[in-house]
Amino acid sequence: MHPPTTLSGRFLRRAANDPSLIAVRGPGTSDAVSYGDLAQRAQAVCDIVLAHDVAPGGVVGLCAPPSSDFLAGLLGILQAGCVWLPLDPQLPPARREAMVADADAALLLTGPQGWNARKTGLPEADLVSACRERCRSTTTPTPRTAPDDVAYVLFTSGSTGHPKGVRGINRGVLNVLDDIQEKAELRPADRCAWWCNPSFDVSIYECFSALLQGCELLIPDPALRADADAYTRWLAAQSVCGAYVPGFMLPALLQRAQSHGTGPQLALTRLLVGVEPIAADVLTNLTTALPALRILNGYGPTEASICATLHLVDAQNTPQHAVAPIGRPVRGIVADVLDEDGDPVRPGEVGELHLGGANVVPGYLDPDLTADRFWYRAAPQGQERSRRYRTGDLVRELPGRDLMFVGRADDQVKIRGHRVEPEEVRKALLTHPDVVDAAVTVWERTADDRRLVAHVVARADSAVDTAGLREHLASKLPPAMVPSHITFLDRLPRTANGKVDRDALATPDHWQDPASCDEASADDPVAACLADVLGLPGLGADDDFFLAGGHSLTAVTAAARLAEQLDLPLPSHTLYVASTPRRLHELEQWIRAGGDVGSFTAEEPAAEQYDLTGLQVSDTPPPAGPARRILLTGATGYVGVHLLAELQRSTTAHITCLVRAGDRHSAEARVRDNLARRHLPDDLTPDRVAFLPGDLAAPRLGLDEQDFRALAHDVDHIFHTAALVDQVAPATVLRGANIDGTRTLIELAATGQLSWLHHISTMSVYWPRGHDTPQGITEQTDTGPLDRLLNGYAHTKLHAEHLATSAAAAGVPVTIHRLGSVTGHTVHAGGDTDTFLYRDVIGCIQMGRTAALDYNLMLTPVDFATTAVRALALNARRSGEAYNITLPGAYRWSQLVERLAHRGYPLDVLPYEKWVAALHDDIAQHHDNALAPLLPLLSRRTAQGPFHTEDHYTPVPSSNHHTLQRLADLGIAPPPTGHSVADACITDLQQQGKIPSLARPFTASPSADTTLYKRDDTATQ
């Protein structure tokens, strides 16, 4: 005999089979109701509903707290063939009134507290009285509903601020309950807990998963719902077998499970978790502590009938990621992961989750909202279209077919030009051993100033602080993803449904006790000035300006304000020299004593600090023949991701990408996202490409010793493209990744069997003025000297080259590849607009002026660069070879300026000092000049004046005959140079929307048009 296909039908069968079993027990020990009694009460409510002539499918509001009467009301409404609308008595009256109106309710059933709101004009019935009346019906109760009839209306929060009414059906709920019962069985008389508010869809699971299996549903005292320790103690004392426990209570549940005291022990055999991402190790540790427990991590919007996917936690497998997967679709659900065009993504790629199948609800009460979120997927001719719900949630498919929640599509934000997913930051926070819970929000201080804020709950006995957390995150995430602000809380605020109440999380401008403000900013004008620029209530004496949310633009602003406030000639790069209030006070005293900012600069790395004394070099040579296994760094960067595509296309080697990320799947997502942004094919497959989370700046790349040595034995070629690129930061800030990371890779190459190390460097390691000769710069030209290089980035890259050269002398096989100004791909463009060259072009066009300086651009299209690196590296003839990879000949800035004029962007030429002054004015007026982040570099000064400006912007020729000849031997010719590359760059910037696409024909003469582009228009001046 097939089971009934409605919720009320299933309950009535259970009540008929086990009438004497306890169905529900309230907080009081004597408040117990049997299945038979509950069925009688439900029938009495059904009679009341029918007596009010509520038609089948009519909505009946139920306003009462969790109780046996509430369950009788719910069951009676369903038995009458009507739709149940839960109304929380604690909600504001206005919201309850709006819900009743939106749902077009026909009747209100009210509990002990009554309606307590304005009259709705609807008939009302007292629930308590209805449940106490003897059932007037003498016939066997018969449900008047069908499987696909609407059973309930639940209101969820809407993005517009107005709640959305969702219509749920019998079939969807029963499919979910049956699926869960198969995965984690409950038996008659087992005890289950009812924690959720009745307005939350998980409460439907809690109630019916118990009532349909003959279990005893326990209602805890309301005071326990917010107290994790008290609630978990109650679960143990009541011998609860089945429960839903919200994420914020899981650490307390784990602590109780792992305790071996004399008190009651947990008897859980089924645990449902979800709603928010859950730390994977917490769930695994729970199953280890409670061997009989089966944990299901559920995911599902209300629109998919409670749960759309389930992940059964396996205690035997170590978690491969910080957050538990959300699993696979439940019975009655079809899950599609689609891109923005509605096409399926490849396994491992991030896409939006679309849900279909019998469990998907008919829609919202509002047909316009339904049309917005629900759609029909095309089907082959003769087949019926399939309906889908667009969740707005981003997921990726893991190996093994489980889905991993990534975040909300509408939560993705840009922080200083970088796309950031707050959920990934939260996952990284949870990998810290002292972090119990965390939330990450975006503080939009102004329209163009967004900052990440981390709200952290630490273990009670933890000594973790803001600096420690930032250091932890910096080892796993790119700088733009490290929160500018971190606050510690005793607990995260929660809604009635257990979700984090983000509206209750204070933004930094409302923090009353900013961390580390041991010296109040009110007593320190320097600290107060920095805090004002950052929009914070205060800064401590040792709080770092950049770690507190500062960046290159705000650093310039802060320097200007400090110069005015202290009446000192402070240059715009001051904050890069002294970034805390205490150091700024020391700088102030230094200058007033006769010193200058240049001589106060933080000490650069000394060469002797980075020698290779003690390096142990293996005697085992690298394997001969084609590359077998490659380690690639920098695949999340511009050159690195193009090199990944080149190695994937042109070799058969297995490639491991070292990526700064919290886990392998986050690492993979970052690389795939970079491929998509660069319009490169994403044909990465597990048999060719692997992803290794690590950190160049950390000891042993952030790996343990065993994994480090295993990696060393595994690879035969290391392509090192990764670097921390910042044109204005001092070397002390950059050396961790750029110098220490190179040293660690040398150690990796020297361990076990030798591996080739192919170090990607830059032409900025040369001092142009030192080679102002007819032959100019060649591969044999000495690099440096260190004290003449342009910036800290060039310093660190030269240090890294010295390390690589020393490694070659010590017996490590090494090649060095210096790239010029990297431009877009010769076929599909997509240049990196964050480079110095591109910013220079964009910024000069924005202000209509350029400096009267000329220099050799040393252009290098990215596909030429990566093809050359791959060919030269994998066909190296001897260790220690260095190659200068640029296009042949010299193409100067003055020629590019001429080409810009030819394309409709003429520029006024000013002396350098006047141009810098004009740039300052332009930034002050418009704020959006592309050169603003480079202003500290462009206006850098010493006591003698501008910092060697002419020495670095000089038309010194370069010749890379040796490199080009070797490439010719390998059958590789450089692409066309000269104006063709310049035109490609200009067109690329137009296509990316960085400069205007002028309507005037491309072939126009530069003298025929004096149009000067400004931000607002292209009118002639």
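Colleague: Which hand is the crossing of H24 and H31?
Modeller: Right-handed. Bear in mind that this is a predicted model.

Colleague: At roughly what angle do the axes of H24 and H31 cross, and within what distance do they come?
Modeller: The angle is roughly 70°, and the axes come within 12 Å. H24 covers residues 836–847. H31 covers residues 979–991.

Colleague: What does that make H24 and H31 to each other?
Modeller: Roughly perpendicular, because angles of 65 to 115 degrees fall in that class.

Colleague: Which residues meet there?
Modeller: H24 brings Tyr838, Val841 and Ile842. H31 answers with Cys985, Asp988 and Leu989.

Colleague: How does the contact of H24 with H31 split by class?
Modeller: Five residues are nonpolar and one is charged. No polar residues take part.

Colleague: New topic: H12 and H13. Where are they, and how do their axes cross?
Modeller: H12 runs over residues 422–430 and H13 over residues 466–474. Their axes come within 10 Å and cross at roughly 115°.

Colleague: What does that angle make H12 relative to H13?
Modeller: Roughly perpendicular.

Colleague: Right-handed or left-handed, for H12 and H13?
Modeller: The crossing of H12 and H13 is right-handed.

Colleague: Which residues make the contact?
Modeller: On H12, Val425, Ala428 and Leu429. On H13, Leu469, His472 and Leu473.

Colleague: And by class, what does the contact of H12 with H13 have?
Modeller: Five nonpolar residues and one polar residue.

Colleague: Let's zoom out. How many helices and strands are in the protein?
Modeller: There are 31 helices and 39 strands.

Colleague: What share of the residues is buried?
Modeller: Of the 1021 residues in the protein, 58% are buried.

Colleague: Last one. Among contacts between residues at least 6 apart in sequence, what share joins residues at least 24 apart?
Modeller: That share is 70%.

Methods. Residues are numbered from 1 along each chain as its sequence is written. This is a predicted model: local features need pLDDT of at least 70, side-chain atom pairs count only at pLDDT 80 or more; totals for chains, interfaces and linings use all residues. Side-chain values use heavy atoms; hydrogens and water are left out. Axes are lines fitted to C-alpha atoms, for helices over the stretch in contact, and angles run from 0 to 180 degrees between N-to-C directions. Helices (H or I, at least four residues) and strands (E, at least two) are DSSP runs, numbered from the N terminus. Angles under 35 degrees count as roughly parallel, over 145 as roughly antiparallel, 65 to 115 as roughly perpendicular and the rest as oblique. A crossing is left-handed if the near helix is turned anticlockwise from the far one by less than a right angle, and right-handed if clockwise. Contact means heavy atoms within 4.5 Å. Ala, Val, Leu, Ile, Met, Phe, Trp, Tyr, Cys and Pro count as nonpolar, Asp, Glu, Lys and Arg as charged, and the others, Gly among them, as polar. Buried means under 20% relative accessible area, exposed over 50%, partly exposed in between (1.4 Å probe, protein chains only).
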